[in-house]
Amino acid sequence: MSKLDSKIPKGPIKDKWTTYKDKIDLVNPANKRHIDVIVVGTGLAGGSAAATLAELGYNVKAFCYQDSPRRAHSIAAQGGINAAKNYQGDGDSVYRLFYDTVKGGDYRSREANVHRLAEVSTNIIDQCVAQGVPFAREYGGLLDNRSFGGVLVSRTFYAKGQTGQQLLLGAYSAMNRQIARGKIEMFNRHEMLDVVLVDGKARGIIARNLVTGEIERHSAHAVVIASGGYGNVYFLSTNAMGSNVTASWKIHKKGAYFANPCYTQIHPTCIPRSGDYQSKLTLMSESLRNDGRIWVPKNMDDVQAIRSGKLKPTEITEENRDYYLERRYPAFGNLVPRDVASRAAKERCDAGYGVNETGEAVYLDFGAAIERYGSEQAKLKGLVNASKEEITSLGEKVVEAKYGNLFQMYEKIVAENPYKTPMMIYPATHYTMGGVWVDYNLMTTIPGCYAIGEANFSDHGANRLGASALMQGLADGYFVLPYTIGDYLSDDIRTGKIPTDTPEFEEAEKNVTDRINQLVNNKGTKTVDYFHKRLGKVMWDKVGMSRNTKGLEEAIEEIQSIRAEFWSDVLVPGRADGMNTELEKAGRVADFLELGELFAKDALDRNESCGGHFREESVELDGEQKGEAKRDDKNYAYVSAWEYTGEPKDAILHKEELEFKDIELKQRSYK
Amino acid sequence: MDLVLKIWRQKDAEDKGKMVAYNVTDISEHMSFLEMLDVLNEQLVSSGEEPVAFDHDCREGICGMCSLYINGEAHGPDRGVTTCQLHMRMFNDGDTIFIEPFRAKAFPVIKDLVVDRSAFDRIQQAGGYISVNTSGNTQDANAIPIPKPDADEAMDAATCIGCGACVATCKNSSAMLFVGAKVSQYALLPQGKVEAKDRVMNMVNQMDKEGFGNCTNTGACEVECPKGISLTTIARMNREYLSASVTED
Ligand SMILES: Cc1cc2nc3c(=O)[nH]c(=O)nc-3n(C[C@H](O)[C@H](O)[C@H](O)COP(=O)(O)OP(=O)(O)OC[C@H]3O[C@@H](n4cnc5c(N)ncnc54)[C@H](O)[C@@H]3O)c2cc1C
Ligand code: SF4
Ligand code: FES
């Protein structure tokens, strides 16, 4: 029934990528000049792809909705980027990174892709250093590493708490070099609103100029979607305000299968919400879990005293604290993977132990780390009788050097000093592992249409490990796509420019214009945000950290009715022929309202708990793992790839069976 | 708290624009400044009016997209923050707040509070990069050890978010802090040395072409910069520029 072909090369896993590269068709440099490629998105994935494709000689047109490519959401990544360099000599290797990623993803990713990712990871660091990315260094001048959740080695490279910013500025600088040479034509403040298919192949896009409102046709021999993740379907998330599913959803509606939409990452360490006006949530980098210890009070009395302001967390003694991650998972402690840490926080808060007014917060405490570092520094400095204050002050300096900007960010938002009192944190939507289905070449089910970075479903299975999204984005853009796309484009050297005055472009443009007019002329009574917030609430309550059949069935119906109401009652003021920020939002929310339903449908189909997807019906009933998520490999070791047929409810499921030849399927234990 | 907002409204680049007063009520001190504007916009949209257009995206002080000149200060009254990180606890009940776009010849207004900062991109395109191919055939990252203090200083310069507050604040609309930050990042790293001369010459020339003014060392930019980019970056750029012009032809 399925036409899914993952095109995984034959041979042993270690050799697949090398052999593949040896055998593919290439386009000679002179011919590349006659080939155009469109890249939608300039984050780490799109930015690195655009720069590299241009450098190879293709003519690239790149698009982003912000006013500059440097502002893509990747800029906000804080903690770091993984690579199997083994600079620390702690036993890391390509195989170990591969293994950790497959295990961390709860055995729901494609082995061959993940191995390739681990292989090219080391190149990324070399590349970025050559570009002048100022990674953190040790005193000897060599690169420093930290460790992230779910692994036992230190393989994360970082630039203070601004790793994403520095990597993106690296890719941006590589783009700038090509823009200056005229090899990249950059379209800022443009939003892609449809893909154009000619003879079944992706041959261009329809985009809206967000300044003038003009609808433009752009043609190319291939289209690359690098538009990021869809976490904003929850309304509140750590994503940028403009992050959206539109580009991915438009290609889905034109034939690209959408894979595993229900795999979402709820990040354990975010600043809790404070009120209904809240527009977004702020992440506190996972790197903080290297030094911060997570706890709630052991006794209900203390919880109540804290909530009513009668007790301070620092006044609660060690024996009255429940370091629940250390208690439940002694081997990994505070560094368990994200899904495990988030569910554990929810478990404590649901049981009533949450430490703020809303009952949705736990502590992340640096007291112990400050003392440990302080004593270490005192010894190094030869201070024999250092006072407690001196030790604290020395320790705070170390912590500041490591996480200063994060602490500052926290203080600005919450108005509390996290050096003196523990941070309060709670899980929030952060990343989407699901996305557009792609084969080994990163091509979608539309020939000539590719998806890279967070927009595709690829490498992280049901749960992504920290610091692996940046790695994947740059791997796709710098080192994978530039090879695989050549194999496809080698057939196009004689095609010539794709004309845009054809019926296919005509029709696509008309559909886009009609929809925009519909939104602007609707003149209903409710704002776009009103609908977005309602959708977000259904998603969070019923398709969030914990899901069950009843809730999911209700969610599907509720989303359908919110969608119907949206189209009859949405109010978009202003006009279509000029800058109109409400219109931009309306188009994005309309797509979220369709995706949300497919998301719930996918969650309903997957009656197992795996990674970020937790089904209450599927937990371990006894033994050491009692209460933990229960995966069902016999029935669900597949990728769900959904085909669009008109309405989300009618989407057809195609299964890509996952084969694990190199890693044995085991229960994920972090005990 | 209840506030009066006086906001610059301008339909498009051609429109002359004017200040318009609005009232908002029940503003929580925990809101961010942009969340307060969201409240106003929901109010406006509900009554069928066009919302106030302003740039924003990450809302956590890193993308550099938000701007705004608030009560005569770029990014408002707090220090070391962008507008999206500014909180309403910095204001009092009954305040009148003046909200204008960043103003500079090189940053024309597009609509309301949205300005065009693409001049910054063009300065970067003139030389803000190291000419290394992204092919993956580079040497091992640890083959070039870099003293930690240099790496840290380069990192400090590299944290510029390209927001343009320095330009908006400067009475001459000079972009020296922004350009100085990028030039410094590369000047401090061995990888950047090879093209150092061309880089500083080309970037400074482009800056002049875009219509940014001269630097008269008032230091206002350093005060308003949300990322604490230091005036020493300007000094370093001047040295680089001088030595590049001396050795040229
Ligand atoms: C707060 C935060 C911290 C994080 N920290 C880390 C970390 O420490 N380590 C890690 O590995 N990962 C981290 N992540 C995850 C990681 O940052 C993202 O997964 C990754 O950056 C996504 O990159 P991308 O290139 O796929 O997409 P993005 O960076 O999201 O870029 C999307 C691009 O697409 C464009 N776009 C979108 N839609 C359209 C459209 N319709 N038309 C035109 N253009 C469009 C946008 O303008 C933008 O340029 C973090 C994420 C968040 C939210
Ligand atoms: S130097 Fe500071 S104020 Fe100027 S653009 Fe950079 S971050 Fe903004
Ligand atoms: S919105 Fe990104 S810095 Fe303010």
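**Reading domains, interfaces and residues**

Mentor: Let us begin with chain A, for which the domain assignment gives domain 1 (269-429) and domain 2 (503-637). Please keep in mind throughout that this is a predicted model.

Trainee: How far apart do the C-alpha centres of domain 1 and domain 2 of chain A lie?

Mentor: The C-alpha centres of these two domains of chain A lie 33 Å apart. Their contact takes five residues from domain 1 of chain A and five residues from domain 2 of chain A. On the side of domain 1 that touches domain 2, helix α10 (residues 338-350) of chain A gives the most, with four residues, and the residues of that side divide into one nonpolar, one polar and three charged.

Trainee: Into which domains is chain B divided?

Mentor: Chain B has domain 1 (3-111) and domain 2 (118-247), and the centres of the two, taken over C-alpha atoms, are separated by 29 Å. Here 18 residues of domain 1 of chain B are in contact with 16 residues of domain 2 of chain B. The side of domain 1 of chain B that touches domain 2 of chain B is made of nine nonpolar, six polar and three charged residues.

Trainee: What can be said about chain B as a whole, for instance how many helices and strands its secondary structure comes to?

Mentor: The secondary structure of chain B comes to nine helices and seven strands, and the C-alpha trace spans about 60 × 35 × 35 Å along its principal axes. Of the 249 residues of chain B, 51% count as buried.

Trainee: How should I read the place where two chains meet, and how many residues of chain B are in contact with chain A?

Mentor: The size of an interface is often given as the accessible area lost when the parts come together. In this case we can count residues instead, and 68 residues of chain B are in contact with 66 residues of chain A. Among the elements of chain B that give two or more residues to this side are α2 (118-125) and α3 (148-158), while the largest share, six residues, comes from α1(B). By class, the side of chain B that touches chain A has 27 nonpolar, 25 polar and 16 charged residues.

Trainee: When two helices lie against each other, as α5(B) and α7(B) do, at what angle do their axes cross?

Mentor: The axes of helix α5 (residues 176-187) of chain B and helix α7 (residues 196-209) of chain B come within 11 Å and cross at roughly 175 degrees. Because angles over 145 degrees count as roughly antiparallel, α5(B) is roughly antiparallel to α7(B). In this contact V179(B), V183(B), Y186(B) and A187(B) of α5(B) meet residues of α7(B), including A196(B), R199(B) and V200(B). By class, the contact has nine nonpolar, no polar and one charged residues.

Trainee: Which residues come nearest to ligand 1, and which are closest to ligand 2?

Mentor: There are 46 residues around ligand 1, of which G41(A), G43(A), S74(A), G228(A) and G453(A) come nearest. Among the elements of chain A that give two or more residues to this shell are α3 (44-56) and α13 (469-489), and by class the shell has 19 nonpolar, 25 polar and two charged residues. Ligand 2 is surrounded by 14 residues, the closest being C160(B), C163(B), A165(B), C166(B) and C225(B). The largest share of the shell around ligand 2, three residues, comes from α5(B), and the shell has eleven nonpolar, two polar and one charged residues.

Conventions:
Residues numbered from 1 in each chain as written. Chains lettered and ligands numbered in written order. Predicted model: local features only at pLDDT ≥ 70, side-chain atom pairs only at ≥ 80, totals over all residues. Near = placed C-beta within 6 Å. Nonpolar A, V, L, I, M, F, W, Y, C, P; charged D, E, K, R; others polar. Buried ≥ 20, exposed ≤ 12 C-beta atoms within 10 Å, placed from the backbone. Axes fitted to C-alpha atoms, helices over the stretch in contact; angles between N-to-C directions. Parallel < 35°, antiparallel > 145°, perpendicular 65-115°, else oblique. Contact = placed C-beta atoms within 7 Å. Domains from an automatic or database assignment.
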